[in-house]
Amino acid sequence: VQLQASGGGLVQAGGSLRLSCAASGRTLSSYVMGWFRQAPGKEREFVATISSGGSNTYYTDSVEGRFTISRDNSKNTVYLQMNSLKPEDTAVYYCAADAAPYNKRSPSLYPYEYDYWGQGTQVTVSS
């Protein structure tokens, strides 16, 4: 499956952006999806994940309450709505697909758990 992330840009602190991740080559409906981010000089870190049907989500603490992951399987697309953005949210954001079933007790939080990756979209938050 090929993933294409889009929607990044430059925004002031407190602003909002919505990232999209569109899939081609295979339907996304059977995949757990995740968003990760990587700031310069730092490791890629988990942001959010959503189960294949969309009923379960999980967020890293730093974005809980500000970001919302969702999906529209009819459009083969996953979204990340980012509100109340902070300068520390600045990073390249990546979407990823995990073929394993969603595990409520142990959601997929690590890059190695994901099978397919998009190319990344830059998010820059100015103070």
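Analyst: Buried means under 20% relative accessible area, exposed means over 50%, and partly exposed lies in between. By that cut-off Arg-66 is buried, and Asp-89 is buried as well. The model is predicted.

Start with the pair itself. Arg-66 and Asp-89 form a salt bridge through their side chains, at 2.8 Å from N to O. This pair links distant parts of the chain. Arg-66 sits in the loop between strand E6 (57-59) and E7, whereas Asp-89 sits in the loop between E8 and E9. The two are 23 residues apart.

Asp-89 has a relative accessible area of 0%, so it counts as buried. It also forms a salt bridge with Arg-37, whose closest N and O atoms are 2.9 Å apart. Here too the pair links distant parts of the chain: Arg-37 belongs to strand E4, and 52 residues separate it from Asp-89. Arg-37 is buried, because its relative accessible area is 4%.

Next comes Glu-45. A salt bridge joins Glu-45 to Arg-37, with the closest N and O atoms 2.6 Å apart. Glu-45 has a relative accessible area of 35%, so it is partly exposed.

Which residues do the shared partners bring together in one network? They are Arg-37, Glu-45, Arg-66 and Asp-89. The structure holds 3 salt bridges. Side chains of opposite charge can pair when their charged atoms come close.

Asp-98 is buried but has no salt bridge, and the nearest side chain of opposite charge, Arg-71, is 10 Å away. A polar contact of 2.7 Å does join its side chain to that of Ser-108. Leaving out residues up to four places away in sequence, Asp-98 touches Tyr-31, Val-32, Ser-108, Glu-113, Tyr-114 and Asp-115.

Now the nonpolar side. In soluble globular proteins, nonpolar side chains tend to be buried together. The largest nonpolar core here has 30 residues. Those with the most contacts inside it are Leu-3, Met-33, Trp-35, Leu-80, Met-82 and Tyr-93. Elements giving two or more residues to this core include E3, strand E4 (32-38), strand E5 (45-50), strand E8 (77-82) and strand E9 (91-98). A second, separate core has 5 residues, among them Val-32, Phe-46, Ala-96 and Tyr-114.

Beyond four places in sequence, its contacts include Arg-37 of the salt-bridge network. Trp-35, Leu-80 and Met-82 are also among the residues that Tyr-93 touches.

Ser-20 is a polar residue to check in strand E3 (residues 17-24). Its relative accessibility is 18%, so it counts as buried. Neighbours within four places aside, its contacts include Gln-4, Trp-35 and Tyr-79.

Finally, the whole chain. It has 0 helices and 11 strands. The radius of gyration is 13 Å, close to the 14 Å that the globule rule gives for 127 residues, so the chain is as compact as a globular protein of that length. The C-alpha trace spans about 40 × 30 × 25 Å along its principal axes. Of the 127 residues, 43% count as buried. Among contacts between residues at least 6 apart in sequence, 59% join residues at least 24 apart.

Note on methods. Residues are numbered from 1 along each chain as its sequence is written. This is a predicted model: local features need pLDDT of at least 70, side-chain atom pairs count only at pLDDT 80 or more; totals for chains, interfaces and linings use all residues. Side-chain values use heavy atoms; hydrogens and water are left out. Helices (H or I, at least four residues) and strands (E, at least two) are DSSP runs, numbered from the N terminus. Buried means under 20% relative accessible area, exposed over 50%, partly exposed in between (1.4 Å probe, protein chains only). Contact means heavy atoms within 4.5 Å. A nonpolar core is a set of buried Ala, Val, Leu, Ile, Met, Phe, Trp, Tyr and Cys residues joined through side-chain atoms within 4.5 Å. Lys and Arg count as positive and Asp and Glu as negative; His and the chain ends are not counted. A polar contact is a pair of N or O atoms within 3.5 Å; within protein, one must be able to donate a hydrogen and the other to accept it, and residues adjacent in sequence count only if both atoms are side-chain atoms. The radius of gyration is taken over C-alpha atoms; the globule rule is 2.2 Å times the number of residues to the power 0.38.
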